[in-house]
Amino acid sequence: MNIANVVSLLPSGTEIVAALGRSDALVGVSHECDYPASVAHLPRVTSTGIDHTADAATVDATVRAQASAGHSLYTVDWSLVETLVPDLIVTQALCAVCAVSEPECRMYAARLTPRPLIATLSASTLDGVLADIQGVADALGDEGAGALLVTGLRQRIAHVHETLKAAKAPRPRVVVIEWTDPLFIAGHWVPEMIRRAGGMDVVGVPGAHSTVVTREAIRAAGADIVLVAPCGYDVHRAAQAARELSWLPGVPVWAVDANSLLSRPGPRLIDGVETLAAIFHPALFGAPRPDCALPIA
């Protein structure tokens, strides 16, 4: 099947399609898609009633209320999608808070003529994300581009590993705060990213969902470094959130651009691994870029 038109219902899908060299095929994206810059002009096929600029407690309360009432957090303009005549729709099956649900996508896509293919992102681990990238490439009919991209990403991970191994670098104990009110620690691929970057996540479980924890649990974890990386926040908003956590243990605290580097299961997670490595081992990798991570005094 010749894939000419692609609709992406989530930012990571858009980033994967673009990284595969098929930005030209994107005809519609989600309201959250902001990377690469070339997608800025594209029609937005989704919307949400959640005010992501609100404080953390308000966002969490809104999400919980919507979920308990059985309401969808995201709305797709399927009439608009139909006019875009997609050959492929990229969706997800991981997190109802992150994007449109896969069952809804499949139900409405089945009504479109011609019926589009569906590529689903469902990874909860770093290797799974790389497999999803290859899956999107396969759906686009360009297996070679997927293999080339994934190989390059694995080589970058391997470079970090070999540098750490050669230096016999010690692993700092790390806590990653993914939301601040209530407190969530990061799960899914983030604990693995910490390990690949030369650290050891002492609270998060690789591949598991993010979970609510207490302040006491974070204090008792014996961390050497605390990362504050609320889901969807850029580095400056993360820094503001970190400065409000006056109860954190007296160890180095870093704000991280989770929106670009940790939250979205796409190619830029490898940028995240490299940024984390720079935080943990600046003598080996240089200081992290200030648009990616900032130390909190």
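Start by selecting Val85, which sits in the loop between α3 (78-84) and β5 (88-92); helices here are DSSP runs of H or I with at least four residues, strands are E runs of at least two, and both are numbered from the N terminus. This is a predicted model, where local features need pLDDT of at least 70, side-chain atom pairs count only at pLDDT 80 or more, and totals for chains, interfaces and linings use all residues. Residues are numbered from 1 along each chain as its sequence is written, and side-chain values use heavy atoms, with hydrogens and water left out.

Val85 has a positive phi of about 50° although it is not a glycine. Most residues other than glycine have a negative phi, and most peptide bonds are trans. At 39% relative accessibility, Val85 counts as partly exposed (buried is under 20% relative accessible area, exposed over 50%, partly exposed in between, with a 1.4 Å probe and protein chains only).

Now jump to His188, in the loop between β8 (183-185) and α7 (190-196). His188 also has a positive phi, about 50°, without being a glycine. Is His188 buried or exposed? It counts as buried, because its relative accessibility is 12%.

Two prolines are worth a click. Then pick Pro114, in the loop between α4 (102-109) and β6 (117-121). The bond from Thr113 to Pro114 is cis, with omega near -5°.

Next, select Arg264, in the loop between α10 and α11. This arginine counts as buried because its relative accessibility is 9%. Show its side chain together with that of Glu15, and you'll find a polar contact of 2.7 Å (a pair of N or O atoms within 3.5 Å; within protein, one must be able to donate a hydrogen and the other to accept it, and residues adjacent in sequence count only if both atoms are side-chain atoms). A polar atom of the Arg264 side chain also lies 3.4 Å from the backbone oxygen of Glu32. Leaving out residues up to four places away in sequence, Arg264 touches several others, including Tyr35, Trp189 and Leu269 (contact means heavy atoms within 4.5 Å).

Leu269 counts as buried because its relative accessibility is 0%. Beyond its neighbours within four places in sequence, its contacts include Leu126, Val129, Met193 and Leu262.

Now colour the largest nonpolar core, a set of 57 residues (buried Ala, Val, Leu, Ile, Met, Phe, Trp, Tyr and Cys residues joined through side-chain atoms within 4.5 Å). Val6, Leu227, Leu262, Leu276 and Phe280 touch the most other members. Helix α5 (residues 126-140) gives the most to this core, with eight residues. A second, separate core of 46 residues includes Val7, Ala56, Val76 and Leu183.

Last stop: the second largest pocket, with a volume of about 290 Å³. On a 1 Å grid over the protein atoms alone, a pocket is an open set of points where a 1.4 Å probe fits, with protein on both sides within 12 Å along at least five of seven lines; lining residues have an atom within 4 Å of a point. Grid points are joined across faces, edges and corners, and the volume is the space filled by probe spheres set on them. Of its 17 lining residues, the closest to the centre of the second largest pocket are Leu261, Asp271, Thr275, Arg289 and Cys292. Which element gives the most to this lining? Select α11, with four residues.
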